[in-house]
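Thanks for coming. I will take one model today, starting with the helices and ending with the pockets.

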Amino acid sequence: MSESGFIDTINAMFGGAVTTLIGAFTGRLMYHSGEVKLGNRRFFGKELLWEIPVAVGMALIGEAAARYIGLSQPVSTGFVATLAYLGPRGAEALLAAWLCRKK
């Protein structure tokens, strides 16, 4: 009997694209929840709608970056969730720091 984790199960049920989107939406929801906790947002406010295109964009960027650096499932889903949590600005800062370190 093979053991499979949560991400493997979701991947088998829905496919890789849905798994990647779930990871991205989870990352953005974690960020949004942190902002709510700090009092910067209401949970069901208009800001929540802006998280949808950010999550989809970060899923595309994260999946491409994961494939570029050779990550496989389930590591790539975790990578996508992490990038989605950081958002576009956080991912840009991380990439800039990494590129400056490589020189």
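First, the ground rules. This is a predicted model, in which local features need pLDDT of at least 70, side-chain atom pairs count only at pLDDT 80 or more, and totals for chains, interfaces and linings use all residues. Residues are numbered from 1 along each chain as its sequence is written, and side-chain values use heavy atoms, with hydrogens and water left out.

The protein chain has four helices and zero strands, in the order α-α-α-α from the N terminus. Helices here are DSSP runs of H or I with at least four residues, strands are runs of E with at least two, and numbering starts at the N terminus. The C-alpha trace spans about 45 × 40 × 20 Å along its principal axes.

Now the packing. Helix α1, residues 6-14, crosses α2 at roughly 130°, and their axes come within 7 Å. Axes are lines fitted to C-alpha atoms, for helices over the stretch in contact, and angles run from 0 to 180 degrees between N-to-C directions. α1 is therefore oblique to α2. For that word, under 35 degrees is roughly parallel, over 145 roughly antiparallel, 65 to 115 roughly perpendicular, and the rest oblique.

Which residues of α1 and α2 meet? On the α1 side they are Ile-7, Ile-10, Asn-11 and Phe-14, and on the α2 side Gly-16, Val-18, Thr-19 and Ile-22. Contact means heavy atoms within 4.5 Å. This contact has five nonpolar, three polar and no charged residues. The classes are these: Ala, Val, Leu, Ile, Met, Phe, Trp, Tyr, Cys and Pro are nonpolar, Asp, Glu, Lys and Arg are charged, and the others, Gly among them, are polar.

Next, α2 and α3 pack at about 130°, with axes 8 Å apart. So α2 is oblique to α3. In the contact, α2 residues including Phe-25, Arg-28 and Tyr-31 meet α3 residues including Glu-51, Val-54 and Glu-63. By class, the contact of α2 with α3 has ten nonpolar, two polar and three charged residues.

Between α3 and α4 there is a loop that holds Pro-74. The peptide bond from Gln-73 to Pro-74 is cis, with omega near 0°.

On to the pockets. A pocket is an open set of points on a 1 Å grid over the protein atoms alone, with protein on both sides within 12 Å along at least five of seven lines; a cavity is a set where a 1.4 Å probe fits but cannot get out, and lining residues have an atom within 4 Å of a point. Grid points are joined across faces, edges and corners, and a volume is the space filled by probe spheres set on the points.

The largest pocket has a volume of about 380 Å³. Which helix gives the most to its lining? That is α4, with eight residues. Among the lining residues are Tyr-68, Phe-79, Glu-92 and Trp-98. The lining has ten nonpolar, one polar and one charged residues.

The second largest pocket comes to about 190 Å³. Its lining takes at least two residues from each of α2, α3 and α4, and α4 gives the most, with five. Arg-28, Arg-41, Glu-47, Trp-50 and Pro-88 are among the lining residues. By class, this lining divides into five nonpolar, two polar and five charged.
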